[in-house]
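Here are my notes for you on this structure. Keep the picture open while you read, and take the points one by one.

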Amino acid sequence: MYSQYRPRHRFARILLAACAVLTIGFLLFPVLAIIPMSFNDAPRFELIPSNPSFEQYRRLFASPDWMEALWRSVRIALIVMAAATAIGSAAALAIVRLPSRWRPVVEASFMAPQIIPSVVIAASAYFLFIHFGMQGTISGIAIMHTVIALPFVVVLLGGRLQTLSPDLTQASSNLGAGPFRTFWHITIPQIRTAIVGAGLLAFHASFDEVVLALFLSGARNKTLPVKLWDSILFEVTPILPAISVLVLSIPMLGMLLLLLLRIRRM
Amino acid sequence: MIKGISRSALGTLMLLLVPGAFLLVFFVVPLAASIGASVGFPDVSFASYQHLFNTPVYQSVYWKTLRIALIVTLICVFVGYPCAYYIASLRPKARSIAIILIAMPFMLSVLVRNYVWMLALQNTGLVNRLLMELGWLDSPLQLMYNSFAVTIAMVNMLLPYMILPVLSALLAVPGDLGSASTSLGANGWRTFMRVTLPLTMPGIAVGALLTFIVSLGFYITPAMLGGTREMMVATLIAFNVREVLNWPLAFSLSTTLLASTIVLYMMYRALLPQSTVMKAV
């Protein structure tokens with residue numbers, strides 16, 4: 001049984017498939033280009049590195065500057081992961097319980113940080129942070145990263161919570177459990193994977209964030225993306241591809257973790 | 001217990017207390033302060049807006065931003081639709097692989113994606129080298145620091161925002177509509193024009209609006225690939241905040257961007273089918 005979208009003419013089928021393959025190839029081009037580049041002695045476009053070496057990686061791990069920025073980014077992202085997951089879960093739990101009249105408004109407000117341009121958010125935070133002495137601090141970056149990570153958590157957990165059957169919570173409270181006990185023993189076990197996924201997304205949202213960090217990090221507290229930005233625009237760093245692959249592998253590991261969790265559940 | 005409010009409603013409000021306060025203090029208040037600063041609060045004046053709308057340089061930045069956002073959105077519609085259509089025709093397993101491939105670039109840092117385009121479009125970059133080796137070109141083309149580079153890289157980054165909503169619209173069309181149309185004598189093209197396309201129009205609208213909203217506020221790509229000539233509103237805001245510290249101008253620019261984003265976002269929310277509100281942005 002073929003899909004209704006399968007063209008009957010052979011020519012149309014081939015044309016359509018070619019369009020799609022080209023489009024996906026175009027989408028994947030940066031990913032496919034950067035990985036072999038990182039295993040070469042210098043950034044060059046080659047499918048198979050002509051001078052294969054781990055030189056870039058060696059220099060990356062030997063550079064105290066890059067390592068410091070990397071750890072700073074990891075630290076900030078961990079704070080954001082914890083804060084955004086906690087705050088976002090509360091928001092998602094509240095949103096699914098709201099009456100339908102209020103729900104769209106509240107939901108749209110929590111999604112807004114993802115839609116409003118980062119530059120607008122960054123400029124306004126910069127303005128206020130200067131007044132309150134938070135400019136250039138790690139906590140300032142972490143707070144604003146939490147704001148922009150919230151939508152990811154709210155979408156993911158909200159979507160999961162909507163699919164839960166209310167019968168179980170009802171049964172739990174009928175059996176005499178209070179709301180906290182019900183939440184801990186009934187709701188949490190059902191949304192565990194979604195919570196882990198939301199946390200990972202929040203981590204990535206912060207770890208990869210450039211614009212807010214660029215405005216708020218100051219000269220002392222540069223995050224990894226800010227340092228990447230500086231080196232792309234103002235110096236020639238042949239180790240950039242290695243850093244990119246390192247950064248790429250972190251969300252990959254996260255995906256793997258999610259996959260393992262899912263397999264364990266099955 | 002408070003009269004008139006049930007226990008569960010009180011619980012919901014308490015759940016919302018911390019997230020609401022957080023969002024208010026660190027998101028709404030700064031934005032409100034920036035709007036205030038744009039009119040020079042507390043001595044309200046619209047001088048910065050007048051300056052903005054009467055200076056040809058700033059007008060041209062607005063037009064450039066609108067033009068690039070529109071072109072990017074159109075390209076995404078025409079490139080993204082056939083791709084989504086093909087993916088919709090695949091069997092479920094192949095379809096999920098295709099979706100993973102489309103989502104994959106999101107894992108690569110935005111900076112790195114732009115960096116790859118920089119390396120590809122340079123005078124000594126991949127594209128020029130290929131064209132010269134093929135003998136189609138004697139001297140390298142200037143592909144960087146213009147709207148061409150910005151458009152290519154933006155399409156590359158925004159296509160998934162177009163493909164995924166269109167794909168979900170295509171998959172929501174009941175399978176028997178196509179066969180009904182065919183059995184009534186319509187050919188494939190006619191079925192597409194009269195049945196599939198009208199039914200997936202909301203998906204196209206959602207994807208196009210999302211692409212347009214996101215591209216209006218693009219900062220990194222124009223800053224890296226556009227050079228100084230291809231300024232967009234976002235790059236101009238950053239320039240005024242970080243380089244010249246012209247707060248009133250920066251904030252009147254950002255307020256116009258904020259206002260247009262909010263209006264478009266409200267349109268977008270109104271367009272979303274009710275059932276998918278939670279799933280999409």
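1. Let's start with burial in chain B: 44% of its 281 residues count as buried. A residue is called buried if 20 or more other C-beta atoms lie within 10 Å of its own, exposed if 12 or fewer, and partly exposed in between, with the C-beta atoms placed from the backbone.

2. Before going on, know what you are looking at. This is a predicted model, where local features need pLDDT of at least 70 and side-chain atom pairs count only at pLDDT 80 or more, while totals for chains, interfaces and linings use all residues. Residues are numbered from 1 along each chain as its sequence is written, and chains are lettered from A and ligands numbered from 1 in the order in which they are written.

3. What is chain B built from? It has twelve helices and zero strands (DSSP runs numbered from the N terminus: helices are H or I with at least four residues, strands are E with at least two).

4. On overall shape, chain B has a radius of gyration of 23 Å, whereas a compact globule of 281 residues would be near 19 Å. The radius is taken over C-alpha atoms, and the globule rule is 2.2 Å times the number of residues to the power 0.38. Along the principal axes, the C-alpha atoms of chain B fill a box of roughly 75 × 70 × 35 Å.

5. Chain B is divided into domain 1 (1-38) and domain 2 (48-276), with bounds that come from an automatic or database domain assignment. Their C-alpha centres lie 33 Å apart. How many residues of domain 1 of chain B are in contact with domain 2 of chain B? Five, and they meet eight residues of domain 2. Contact here is when the C-beta atoms of two residues, placed from the backbone, lie within 7 Å.

6. Now look at where the chains meet. 71 residues of chain A are in contact with 69 residues of chain B. On the chain A side, α1(A) gives the most, with 13 residues. That side has 55 nonpolar, eleven polar and five charged residues. For these classes, Ala, Val, Leu, Ile, Met, Phe, Trp, Tyr, Cys and Pro count as nonpolar, Asp, Glu, Lys and Arg as charged, and the others, Gly among them, as polar.

7. The largest nonpolar core has 159 residues, and those with the most contacts inside it are A:V153, A:A202 and A:L212. Helix α7 (residues 147-172) of chain B supplies the largest share of this core, 17 residues. Such a core is a set of buried Ala, Val, Leu, Ile, Met, Phe, Trp, Tyr and Cys residues joined through C-beta atoms within 7 Å.

8. Helix α11 (residues 233-243) of chain B is worth a click: eight of its eleven residues are buried. Among them are B:V233, B:L236 and B:N240. Their cover includes α5 of chain A, along with α3 (56-89), α10 (220-225) and α12 (247-271) of chain B. After α11(B) comes B:L245, with a positive phi near 50°.

9. Last, confidence. The mean pLDDT (the predictor's confidence in each residue, from 0 to 100) of chain A is 87, and 94% of its residues reach 70 or more.
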